[in-house]
Amino acid sequence: MEVLDILIQANFWAAAVRIATPLVFGVLGALLCERAGVLNLGIEGIFTAGAMAGWMAVWLGAGLWGGVLVAALTGAGFGLLHGVLTVPLGLSQHVTGLAITLFATSLAYFTYRTALPDIATPPRIEPFRPLDVPILSDLPFIGAVLGQQTALTWLALVLVLVVWWMLNRTPLGLALRAVGDAPEAVDAQGLSVYGLRIGAVCAGSALMAVGGAFLTMSAFDAFFFEMVNGRGWICIALVIFASWQPGKALLGALLFGAFDAFQVRLQTEVGAVVPSQVFLMVPYVLSILALIIAARRADYPRALLQPWFKGQR
Amino acid sequence: MKNDWGARLLGAALIAHLADWNRQMSEALRLTRRACVLAFAWALIVLSPAAGAQEPLAVAAIYTVPVEQQWVSRIDLALDEAAERGDITYVFSENVANTDYERVMREYAEQGMDLIVGEAFAVERAAREVAADYPDTAFLMGSSFGPSQPNFAVFDNWIHEPSYLTGMVAGHATESDVIGMVGGYAIPEVNRLMHAFMDGARSVNPDVTFLVSFINSWYDPPKAKEAAFAMMDAGADIMYAERFGVADAAVERDVRAIGNVIDTADQYPGTIMASAIWHMEPTIDRAIEAVREGRFEPIDYGQFSFMSFGGGSLIVDEELVPAEVVEEVRAKQDEILGGFFRVNVNDEEPVSDG
C-alpha cells in the first residue's frame, strides 16, 4: 500500500474522527473557560475524573446517557472549585489549574480503587455503538467515515455548532466574550463578572469531563489508570491553534486526529526504515508547527489570566 | 495500608508539614510496635522455644503501574496465593512513580520487610544502591539486567517458549499471511516475546509478514485499538494482543487474536485462539523458601519462568484451532520440555517487514 493511498481510505478518516472526538470536547471546554478569561489547566485531571465517573456510573447501572450526565456534573464540580479559587479569590490560574489536575486525577484513582479493591481486570460496560444515521450513513465515503461513529461523536459535532451559535449569536455569548476581554465593561452593564466567569468555567469543565467519558464509554469500555495520557494538554495547545474559535477548534482537533491516525499507519508501512519513536512524535511535532503558524495571528482574550476584583481599578 | 494512594494525595508540597507530622506519628507508632514485638518475641522464647520458626515472612511489593496491568497482575497473584497459604504477609504499593521508587523501597526496608519484590526497569542503578544499604532484606526485582551482590536478585517474564508456540498457531491460522503486532514499549522483555512469536509463525509459514507498532504507553487502550484497526486495514488477519485494546479491535472486525502474559480468553470468547501465559508462582515460592531458610542468594530467577519450571504455559482454544495444529504445537512443546528445542532469545526491537 502506498503511503498516499492511506489518505483516501475511509477507515483512515474514520479513525481520525474517532481520535479527534475527545479533543473536540476538550478544546470546546477550554475555549469556553478562556473566552471568559480563565485558563483551566485542570483539564487533564478533569478528563480523568470524567472518564472514571462516567464509566463507573454506567457500571453501577445509570445507563449510557446517565453516565454522560454524571461525567458532566463531575467536571462541573471541579470547574466550580477552579472558578471559586481563581475568580473571586483571584489565585494564580496556572497553579490552581495544575493543583486541580493532580487532585482530580488522584481522586479518580482513589475512588476507583476504593470501589474495586481486588480485581484482576476492570469490569467492562456495554459502550456506545456506532450510530446509523439515515441519509448521512448512506452517502459514499462520508457515510463510511461517519457511519463508524458513535452518538458521542455526533454530540461533539453538534456542540461545535451550539457553542459557535451561543458565542456569536446570543446576548449570553456577547457577555461571555466581553467578560474575557473587558470585565469592567461587563460590570458597568450591571452583569455579574464572577457569575459569568464561574459559569463558563463550570460549563467548560463539564465538556472536558465528557471528553474523558468518551474514552471509557465509546473509544473503549473500561477505565484504566493513566489512559487519558496527555490528551487534555493537547487541547490547551489546540485552543490557541484555533484562535478561540469553535470552528477552527474542530478543524484543529481533526487535524491532530489525522496526524495520529496517519502515524500509526506509517509506523506499520515504513517502520523498518525509521524508528517507531519518530512516528510517535509526528502528531506533536506537527501540532507545534501548526501552532507556530497559527499563533502569530492568535487573538487572545484581552483579560485572559487577569483576575478582576469589584471596585478595584 | 494496602496501597499508596493516601500518600499520593498528601504528596503535594503544600502539605509537606502534614506529611512530616505523619512521619513522626508513624515513627512513634513504630517504636511502640517494636516494643510490642520485642515483648512478644521474648514471651515466645521463654514460653515455647520452637514456635518462632513458622512465622510468616513479611513481604512488600512495589509496582510502578496499577495491579491490573498484565505483567504486574501475575506477580500480585502469586504473592496473594502465598499470603493465603499463610507463608507470608503481603502489602503492596501500586502506581509508584519511578522518581519516587527509591523512597518507597527504603520505607519498606526500614519497616523491616524480609523480602521486597518489585520492578527495577526504570531505576536499575538506584534500586541496586538502595538494596545494598539494607543487606538484611532480600530484594527480588524485575530487571533487564543481572543480579548484584549482596542481596539483589532479578526475574522477568521469560515466556518466549510459549510465545513461540502461539506463533506457530498464528502462522497456521493466517490466510492473508499478514500478522499485526501492537506493543507497549520496545523494551527487551516485550521485544523478546515478539521475536519468539515471529520465529514460531515463520517456522510453520515462511511466507508470513509482520506489521509491528508500539504505542509508547502501557495503558492507552483507545490508542492500542486504533493501532490494531490500522493493521487490519492493511490486511492483518491475526492480531498479537500485547496490550489491552487490541483484542477489542479484533472482536469488532471479527478477526482472531493471540494473547500474552494473562489469560483473557473468557473476556473475548471466539477471538483469542491461543495465549502464552506467565506464572510467577515458581519464582516467588522459591524466593520465599530461600529467604525463610536463610539461604537467599542474589541470582537470576529468570529461568523459573521457563516452561520446564512451570513458569510459562500455553493455552489453546481447541474450538478455534484445528486438531492437527494443536497436535503439532503440543509436539513442539514436548520438545521444549524435554530440553531438545531451545527458543531463540532476541532482545532487538522488532520492525515491520518492509
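Visitor: What should I know before I start?

Guide: This is a predicted model, where local features need pLDDT of at least 70, side-chain atom pairs count only at pLDDT 80 or more, and totals for chains, interfaces and linings use all residues. Residues are numbered from 1 along each chain as its sequence is written, while chains are lettered from A and ligands numbered from 1 in the order in which they are written.

Visitor: How many helices and strands does chain B have?

Guide: Helices (H or I, at least four residues) and strands (E, at least two) are DSSP runs numbered from the N terminus. Chain B has 11 helices and 11 strands.

Visitor: What share of chain B counts as buried?

Guide: A residue is buried if 20 or more other C-beta atoms lie within 10 Å of its own, exposed if 12 or fewer, and partly exposed in between, with C-beta atoms placed from the backbone. Of the 354 residues of chain B, 51% count as buried.

Visitor: In what order do the strands of the parallel open sheet stand?

Guide: Two strands pair if DSSP finds at least two bridges between them. In chain B, 5 strands form an open sheet with parallel pairing, in the order 2-1-3-4-5. Strand 2 and strand 5 of chain B stand at the edges with a single partner strand each, so one side of each has no neighbour in the sheet. From one strand to the next, the twist averages 20°; such angles run from 0 to 180 degrees between N-to-C directions, with axes fitted as lines to C-alpha atoms, for helices over the stretch in contact. Inside this sheet, strand 1 (residues 57–62) and strand 3 (residues 115–119) of chain B pair in the parallel sense over 4 bridges, and B:Ala60 has B:Ile116 as its bridge partner in strand 3.

Visitor: Which strands does helix 4 of chain B lie across?

Guide: Helix 4 of chain B lies across strand 1, strand 2 and strand 3 of chain B, running at about 170° to strand 1. Contact here is a matter of C-beta atoms, placed from the backbone, lying within 7 Å.

Visitor: What is the strand order in the sheet with mixed pairing?

Guide: That open sheet of 6 strands in chain B has the order 7-6-8-9-10-11. Its edge strands are strand 7 (209–214) and strand 11 (312–316), each pairing on one side only, and the twist averages 15° from one strand to the next. Strand 6 (residues 178–183) and strand 8 (residues 238–241) of chain B are parallel, over 4 bridges: B:Met181 is the bridge partner of B:Tyr240, and B:Val182 stands opposite B:Ala241. Strand 8 of chain B also runs parallel to strand 9 (residues 256–261), joined by 3 bridges, with B:Ile238 partnered by B:Arg256.

Visitor: At what angle do helix 4 and helix 5 of chain A cross?

Guide: Angles under 35 degrees count as roughly parallel, over 145 as roughly antiparallel, 65 to 115 as roughly perpendicular and the rest as oblique. The axes of helix 4 (residues 64–86) and helix 5 (residues 93–115) of chain A come within 10 Å and cross at roughly 155°, which makes the two helices roughly antiparallel. Among the residues making the contact are A:Phe78 and A:Leu81 of helix 4 and A:Ile100 and A:Ala104 of helix 5.

Key
Two residues are in contact if their C-beta atoms, placed from the backbone, lie within 7 Å.
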